[in-house]
Amino acid sequence: MRPMHRRIFLRDSALAIAGVGSLPLWLQRTALGAESQGRKKTLVAIFQRGAADGLNIVVPHGEPDYYKLRPTIALPKESLLDLDGFFGLNPALAPLKPLWDAKNLAIIHAAGSPDPTRSHFDAQDYMESGTPGRKSTADGWLNRALLPADHPSSVRAVSLGAALPRTIRGRNAAVAVESIASFHVKDAAASQQFETLYGSDSILGGTARTTFDAVKLLRSLGENTATGYPRGKFGESLKQIAHIIKANAGLEVAFADLGGWDHHVNEVGQNPTEGQLAQRLTEFGTALAAFHADLGARMEDVVVVTMSEFGRTARENGNRGTDHGHANAMLVMGAGVKGGKVYGKWPGLQPEQLYQNRDLAVTTDFRDVLGEAVHHHLGNQKLEGVFPGYSASPARFPGIMSA
Amino acid sequence: MKRTFALLALAALVCLAQPSAMSPDQKLTHALNRLTFGARPGDVERVRAMGLTQWLDEQLHPQSITENTELEKRLAPLDTLHMSTSEMLRHYPSRQVVKAISEGRAELPTDPFTRAVFEVAAKRVKKAQANNPQGDEKPLPALPADMPTRPRERVAYLEALPAEKLVAALEAIPQGQRRRLADLAGPELRRKIEVLSAPMQVIPTDLVSGKILRATWSNKQLEEVLVDFWYNHFNVFLEKGADRELVTAYERDAIRPHVLGKFKDMLLATAQSPAMLFYLDNWQSSGAQAPARGAKQTRGLNENYGRELLELHTLGVDGGYSQQDVTEVARCFTGWTLRRPGQGRDFFFNPRMHDRGEKHVLGKTLEPRGIAEGLQVLDILAHHPSTAHFIATKLATRFVADDPPPSLVSKMEKTFLASDGDLREVMKTMLAAPEFWEPARFNGKLKSPLEFLVSALRASGDEVKNPPSLNTLMTKMGQPLYRKAEPTGYSNRGADWMNSSSLLARMNFATSLKHAEYGAPDFQRK
C-alpha cells in the first residue's frame, strides 16, 4: 500500500471506529441491535467428553449388584448424598445438592444412544448430530433446534471454545468464541480491512460475515464480574454463556464441553472424594452451581442439559477404572424443570439385565430428553426436523418439564 | 498493511480460479502447498529449475537431502531432542524425579549446573504445594558486587563465570531482566538462563520448539509433514503423567524413522513404545488370573489400547470388528508393559501378567504363545484390507481433499496391500494419480492451524524469537501441539478448522506478523 492510500485508509477507518466508539455503551448496544434482541429462552447443552461413568456419578446404592460389580471403586452408601433412598449423588457433586433440593435439577438415569458403538469418536458424533448410526448427517441437533427467525442475532448460537463442535454446526449461523475478551482483531484498522476482504468470501462461507457481526456485538458487553466459578476452561465457558444471556444479546442455544472423563485407571481413589472422577466432578458441579447462582431469577429462561457419549462398564476393570460401556445419566437444570426426581426406568444391574452382559442398558433414548427441552423450552415442536428419522414426540418425553 | 493480506492470501485461506487443467506453475505451487509447510520465497523457482518430478523424488527420499544448516544451528541447543529418556531424566527434572529427591529416594546430580537446575525445580514444586504460595517468598539474593550493570557487559561477565557462581549470579537477577539478558547472550548462556528459569518446562518446550523449527526450516519438508501426520495418527497426549518425558523419544524413534517405510514397522514401534503403553494404559493390563504385584496394585484386563489399536490405528471404526474382538485383542496384549517406571520406562514383556488362555481374533484362533500373540495380532492388522482402506483414506484426506475421490483411495489401498504396507509406495501412487492434480484441488483445502501458522512464517521469512510462544496461538486456534487429549488426534479435514474463533486467531496472527516490522516482542525480522 502506498503512503497516500495508507493515510486515507487510516483516516477512514479511524472515522469508522469513532462512529461507534464515541457513543455511550447503552446507545452502542442499541445501535448494534443487541438490546432489540430482547430476552430469549436459552438452551445450554453440556458435553462431558470421554464417556463419564454415570454409575459412579448418580450411584444406585439400593442396587446390591452395584457393590458386587465394583469391589474396589464402588462408592460406599454413607459417602453419598442420598437423593431418593435408591440413588445417591457422588459427594464431589455437593454443590448441586441445593439445586436438587430446590427442585431445579432433574436426573434421567439409564439414558443414552441406541447405537451399540463404544468408539468415543463415533458415539460423540452420533450424539452431536442427533442421528445415531447415521454418519451422513451434515449438521448438529442444536443447530436444527433453532426456530426460523427474521432478524436473528449474530450470537443466537454460540459455542465456547476454539472449535465449533458438530452439535451446533449447521444452516443457522453459529459462532465459536474462545473467550469474549479476545474475540476481536486486536488491530482495529486491520480489522476493517479484513472485513472488506473476507466479508463476502466464498470458501469461508458465512463464517467471516457472522464473525464480524458477533465481534461488534460481544465487544459491547463489557465483563461478567460474577464470582464462584471454578478456575479452568469449563467454568470460564459457563461464565461467558451466563454473561451473554444476562446481556439480552439474543442467545438461544449455547454449547460448552469438558473433557477428561475416560477413566480406565484410578477412577476412584482410596477415599471416595479422591481420584480422577471426583476431581472432574468437582469442577463440573461447581461450575454448574455457579452458573445457576449467577443467573438467579433469570434461570426461568434457561435450561441446561448434560450428556456424555456413553457410560462405562458396570464391572470395574483391572486398574481401579472402567472401560467403555453403554447407558449413562443426564442432568437437566433450570427453574422450569420438574426437579428433585430421578427419571427413567431403572434396568437393573443383575447379569441378565446388563446390556451385552457388561453395561447398564439404555431405557431412555437421549433424544427424548433433548426433544423435551427443545419442544417445551425453545418452543420448537417440529421434532422430526430436529431428530430426523426418529419419532420424538411428547408421548415419549420423560416429563422433566412443565408443558 | 499490504503485507498482512499478502500473508493471509499466501497462506491459502481462499480459492478462486478454477481452469480446466493446472498450469505447470500451478502444479509447482500445488505440490509445495500440499507436500510442504508452505513455499518460501524462491521455492517455486527452485522447484521449476530442478523439475517437479525430480523434486518429488527427492522429497520422497529425505535421506538424500542435505539439511539446512540454519535449522541445525537452531536445533543445536535443544539437547533433549537427542537424548534417550533416561539420559534426559538425568539432566532435566521431571515431576517424579523431583518428588523422589524431596522424599529422599533419589540423590541430586553432582554436576554443579544440573544440580542447581534440580534444586530450583524442587523449590518450585515445594512452593506450588504450599498452601500459601507467596508466603515463603524470600527476597532475591544480593547481586555479586563485581557484576557490571550494562546489559552487554553483564552478559560478557556471566559468560565467563564458572557454573557454581553463574547459578548464584543468575538467581540474583529478577526474571524479567534475565529474559532480556538471554536475548543478548550467546547460545550457551542463553540456554542456561532458559533452563534455570523454567526447569520443568525444558522437555516439552524443546519438543514444541523442535517441531516448529523443523517445520519452518527443514529442507526435508515432506518428511516433516509426514511426521506430523503419523504422530497425529498414533496420537499421544503429552500432558498425561509420564508422557511428558516419553513423547520426545516416541516421536523420534517410533514415528520418524518409519514415515516413508513399512506401516507394520511403525505399528510395532508404537505398540512397544513406553509413550503409547502408558497413554492407553496397556502397561497395567493383565490377565485376570495373573498374580498381583503388591498390595496396592490391582490386576485384570484394560481394553483401552486394544480398542484404539483396532479403531484408530489400523482397521478403522467400520473395519469389521466386534466388541468381542476388542476384548480378545486386549487379552493378547496383556503383559506388554514397562520396566522401571519413572526412570525411562523401557518396554518389556512380563509373562506373569499375560493371560494364558486361547484367544479368537477376527475369526482366527490364537494359541497361547506369550508375546508372539500380540505380534501376530499386529501382523494380521497391518495386512488387513480394512487397514489399507483406512490408511489410504486418511492420507488422501490429509493431502488431497476433505472428501477424497474413492477412485484415488482405491489406487492407494491397492498399493498398500501389494507392497506390504510400504508408505513410500503409497505416497508415490497418490502423487502419480491424476486425482491429485485436478484443477479443483488447487487452493481447494483449508489449512490446519499448524499449516497456516508455519506457512505464514515461511512465506514472510520471519524469525520467531521464542518458538514455544507460538503454542499459545496454536491453543487459541484449537491445535495445541502434542496436546490432543483424545487418541483420535486432530482432524485432517480443513473444513473442521473453520469457525469464528479460529478465523479471528488467524487474523490476529497475521497482524502480529505485520507488527514485527515495528519490533513487536514475539517476532524479529530475519
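This is a predicted model: local features need pLDDT of at least 70, side-chain atom pairs count only at pLDDT 80 or more; totals for chains, interfaces and linings use all residues.
Local features need pLDDT of at least 70, side-chain atom pairs count only at pLDDT 80 or more, and totals for chains, interfaces and linings use all residues. Residues are numbered from 1 along each chain as written, and side-chain values use heavy atoms, without hydrogens and water.

Helix H13 of chain B covers residues 202-217 (helices are DSSP runs of H or I, at least four residues, numbered from the N terminus). Its 16 residues should span 22 Å at 1.5 Å a residue, and the end C-alpha atoms agree, being 21 Å apart (the expected span is 1.5 Å times one less than the number of residues). Of the 16 residues of H13(B), 15 are buried (under 20% relative accessible area, 1.4 Å probe, protein chains only).

H13(B) packs against helix H15 (residues 243-255) of chain B at about 35 degrees, with axes 8 Å apart (axes are lines fitted to C-alpha atoms over the stretch in contact, and angles run from 0 to 180 degrees between N-to-C directions). In H13(B), B:Ile203, B:Pro204, B:Leu207 and B:Lys211 meet residues of H15(B), including B:Arg244 and B:Glu251 (contact means heavy atoms within 4.5 Å).

Helix H2 of chain B holds residues 24-35. Buried residues of H2(B) include B:Leu28, B:His30 and B:Arg34. Among the elements covering them are helix H3 (43-50) and helix H21 (385-399) of chain B.

The largest nonpolar core has 103 residues (buried Ala, Val, Leu, Ile, Met, Phe, Trp, Tyr and Cys joined through side-chain atoms within 4.5 Å). B:Trp230, B:Leu395, B:Phe399 and B:Phe509 have the most contacts inside it. A second, separate core of 71 residues includes A:Leu160 and B:Ala510.

Conventions:
Chains are lettered from A and ligands numbered from 1 in the order in which they are written. Helices (H or I, at least four residues) and strands (E, at least two) are DSSP runs, numbered from the N terminus. Buried means under 20% relative accessible area, exposed over 50%, partly exposed in between (1.4 Å probe, protein chains only).
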